[in-house]
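Here is a short walk through one model, written for someone meeting it for the first time. Keep the structure open beside the text and follow along.

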Amino acid sequence: GDYKHTTNRNAEKYDLYFGRSQIRIMGNFTISQDPVLVGNGTDNRTVVPRERIWNERYQQFDVAVTFGGIYECEVLRPSATLPNADESYFDCLMPSGVGSNHSIHVVVRNATYRELVLGCTEEMKKYGTTKWKGQPFGNCFPPSSESDEFVVAKDFGVTFTYDVPVITSVKPSRGRNMPGKTARVTITGQNFGFSAREIYRDQCLGSSSLSCRQLFTNGAILFNQSCSDIELLTSGATGAEVESEIAVNPLAWCHNPQGYTLVCQGAFSETYTECVERCLDPFELCGRRCPEDTVICDVPVLGGTQQLSLVVAGVTATTSATFRYDNPIVYSVTPPEVLAGTSSILTVTGVNFGDYLAVRYAGREIFVTEGQIVPQILKPFDESLTLNTTTMLWWDHAQYQTCFSNSLPENSNPVPAPQRQCNAGRVLSNAISLSDIFIFGEDAQRMVVQGPVVESVEGQTLLSVDIMAQSLGGRSETTPENTSFSFRVACNTQPQTIGSRLHQFYLGSEDAGQTALAGSALVSHNERLWLLAGQTATQPESSEVWRSMFTGLGWSSVTADRTWWSARHNVTSCTFRDVLYVMGGASHAEAKAFNDVWVFAETADVDAYFWRPGIPSPNLVAGQAYSPYWIQVTDSAPWSARSRAQCLVHNNSMWLLGGVGYAELGSYGEWTTDLWRTRDGFVWELVLPKGLWQGRNNIRAVMHTDGRLGMWLVASVQEQFYNTMFSLDGRDWRFPEKACALTNVDVQDMVAWRGYMFLFTTACHDLDDENQDPVPCGSRPSAIHTTNRIWYSQNGRSWLLARLPYQVDTFLRPVSTQYGWQGEEPGEFRYDFHVAVHHDTLYVVGGFKHTLPRVGGNLARDADGNFAYIESTKEDVWMCKSFLESSILCNDKSDQGLTGEDYAKRTFAEGPAVGCAFRNSFDFKRAPTEEAQGVM
């Protein structure tokens, strides 16, 4: 191309299409020089015809040339000063085009044919009957052929190849690796062939010629540059079929079986190409002028660092550019802890995990038969695999996967992620479920994967593992707060998990006067117990407020002069600076959770501090006593709407942590991970956006002293798997050293009392085991009923199971019984109840009771004969003033509340019938005397 000759410089034509180039064709263009008789039998003459490249006499070219059947080279007129006497070469301008090996077709005008036609004058045509091409030809000598006046020169295999595409840059050169979120890149360079497609597209759509099929064989490709040429369809395909195949197929298959490429979507289409009309008036149909130096396309989902190149007319560019996909980023792993020695389903959230490449690109559903050509696919970046690609196993390694690596010891030198060993296991994509999600205000991805099994090491209670997401060799970095999860030893693996202490509860009142509520807030405030909001067996939420007498009994409804906060359940309440706060909660009727803050203006001083203009207040007449009412501090606190949040008072601040967003009945909302505090009730400060309890639920918190006063909480990593953590300042949260996990229980409430933390739980316990460990319900015959139990701990490292209360049977033996507030029949238990410390006494109030009623003196049964349990709310109040060593009740001969007759019958020397060393204590069926309470 671009052979320039000085004589033809002025003959070049300016054209708005790109890519025209002048070439010289050399050869013999003369057909014959034999004389020929022209005219008719009476009027004729002899001429010597000769073909000329430019026939001066007739002012026309005798030569025409095309390549590939479509590219017509515009012949240039030879210079008059330098005549081409031997007619051995001519120059022409090649039009815009693409592709290679276009065969030449030279057509020479037959001079003899022309002389015979021109030698028959109009006068001669009047005489005679000869016709030529259907028209009167008189009696003239006609040409021997009527079909054409051109003769095609013999093809000697001369071909023409257009310059291959050249890439100079790709911007941007990196991008995300997620479906629908990959980069839209602009490729700049030369020889991209847009003009050729604009000129010849219409005539090539229905043609199956090689040149026409090449016209549509274009693409921006990644991943494998081994293709020397590409043939998408068989030679019988038309240009339109090739164009359609390019548009819908994300793959480009090469002639070479080792060639395998992925297509950058939208390249060479008019989706992103900006073309302009060649004429000012588009109705002149001059065509359009499209850029030859720009291609815009959307890179496919892939991963790693790839070479991006162009294929134009089946020819791959000699240059390429590097495109790098962003490495995966892991946002979170849940659950953050699992039980040592077990495997758990892990949910890994993040971005740039890739996609189902095996399905999207490799066609996993296509079965490979014997003799079928299967490309030897290149190995992924930074991997060394020798897998049989006919089974598509290669893709299971190349696309997304998870690598589990034992966490590095503290203070050790960091190791880059690509160099970390998967010594805790690896899960390939064929065992991972990948989905798209929306989280933290952005599109993200979620992998669900079966985690590895890591056994505990003797002397260790916690082993940490880092998870790395990998996509075509690109790995995510590890950060302890986002990518680490742990294997923790269960508390029941310790030699002894049942303690020696027990509670003695007694019924304070069977009907204390308050509404039977569950899901309420129970708080001790101003020498009274307060019960706020909740739900009943028939009403999903309530705005009721109840207040007890000094003793915690004798409840009465608290009214105000105006409507306060709306009906809701699971509100948060606590006393801060002698002011009662109510926050948050949820309402199924309104289908939302709340983030409002209310205070009870119990005195005029509280009213004066919190009242602001616009807040309704009681209308008092002169001399009328102050009337308490509720003040809404804010209807939209900066923390998200939530219910079941925990409120603590520490370091002159009120702290809010935990809580769950709104969820429909029967479903679960998202538990929050942030921590907030306020010093005045008005201004809230975000202390931690992500607490140590991230990924956990059912959060319970108390203030507890373990040498120093701190904030303590338990939270469930997954169902029935509880961690303990603490903080002295609210910012630095830690797990107690060598802390175990409390498993197979559901925590209903948590309180701190008399130097201990107590967890009120529901679970199934193995009653045949000495430790009475909690186990999955129904896993053994001795653990078929859910029951209420209490766990206690002073340091949070381990939890001990409190012993059940006992009563004396007719044989004077102590027999364990259920807590009175649980119920008497097997299978009865209480849940969603409330526990509070009031005047150094534990109170259990309300909740739902899974109970077995009696009908006509018999336990209720359904139509199938099974026990017919029902759910009901309770208005009783239970109290506990003792948490004692069981040996005290067994060996102390003072009156502990038993009648004198019972005490006289007690015998401590008659062997195991009493069982004081293991199963000891008697249950108190009545409230103890004041003297007995003091002893206890």
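## Sheets, turns and rings

Strand 41 runs antiparallel to strand 42 (residues 579-583), and five bridges join the two. This is a predicted model, so read everything here with that in mind. Within this pairing, Phe576 sits opposite Val579 of strand 42.

As background, strands of a sheet pair through backbone hydrogen bonds, either parallel or antiparallel.

What about the loop between strand 41 and strand 42? That is the place of Asp578. This residue has a phi near 65 degrees, which is a positive value in a residue other than glycine. Asp578 counts as exposed because its relative accessibility is 67%, the cut-off for exposed being over 50%.

Ala533 counts as buried, because its relative accessibility is 0%.

Further along, there's another open sheet, with four strands in the order 47-48-49-50 and antiparallel pairing. Here the edges are strand 47 (643-650) and strand 50 (684-688), each with a single partner strand, so one side of each has no neighbour in the sheet. Neighbouring strands of this sheet are turned by 30 degrees against each other on average, direction ignored. Inside it, four bridges pair strand 48 (residues 653-660) with strand 49 (residues 675-678) in the antiparallel sense. If you look for Leu656, you'll find it opposite Trp676 in strand 49.

Now for a hairpin. Strand 31 (residues 432-439) and strand 32 (residues 442-450) run antiparallel and are joined by eight bridges. Asp436 stands opposite Gln445 in strand 32. How many residues lie between strand 31 and strand 32 in the hairpin? There are two, and Phe440 in that turn has a positive phi of about 55 degrees.

Next, the cis peptide bonds. One joins Lys171 and Pro172, with omega about -10 degrees. Pro172 lies in the loop between strand 14 (166-171) and strand 15 (174-175). Another cis bond runs from Thr334 to Pro335, with omega near -5 degrees. Pro335 has its place in the loop between strand 26 (329-334) and strand 27 (337-339).

There is a helix to see as well. Helix 1 (residues 111-119) has these buried residues: Ala111, Tyr113, Arg114, Glu115, Leu116 and Gly119. Its N-terminal end is capped by Asn110, where a side-chain oxygen lies 3.0 Å from the backbone nitrogen of Thr112.

Finally, the rings. The structure holds 37 aromatic pairs. The table shows two of them.

| Ring pair | Centre to centre | Angle between planes | Kind |
|---|---|---|---|
| Phe323 and Tyr325 | 5.0 Å | 80 degrees | edge-to-face |
| Trp693 and Trp733 | 5.0 Å | 80 degrees | edge-to-face |

Where do Trp693 and Trp733 sit along the chain? Trp693 is in the loop between strand 50 and strand 51 (697-705), while Trp733 is in strand 54 (residues 733-734), so the pair ties together parts that are 40 residues apart in sequence. Both Trp693 and Trp733 are buried. As for the other pair, Phe323 is buried, with a relative accessible area of 0%, and Tyr325 is buried with a relative accessible area of 0%.

Some rings gather in a group: Phe67, Tyr71, Phe160, Tyr162 and Tyr200 are linked into a cluster by ring pairs. Charges meet rings too. The charged end of Arg197 sits over the ring of Phe194, 4.7 Å from the ring's centre. Arg488, for its part, lies over the face of Phe735, at 4.6 Å from the ring centre.

How values were computed
Residues numbered from 1 in each chain as written. Predicted model: local features only at pLDDT ≥ 70, side-chain atom pairs only at ≥ 80, totals over all residues. Heavy atoms only, no water. Buried < 20%, exposed > 50% of the residue type's maximum accessible area, 1.4 Å probe, protein only. Polar contact = N/O pair within 3.5 Å; in protein donor to acceptor, adjacent residues only side chain to side chain. Pairing = 2+ DSSP bridges. Axes fitted to C-alpha atoms, helices over the stretch in contact; angles between N-to-C directions. Phe/Tyr/Trp six-rings, centres within 6.5 Å; stacked < 30°, edge-to-face > 60°. Lys NZ or Arg CZ within 6 Å of the ring centre and 35° of its normal.
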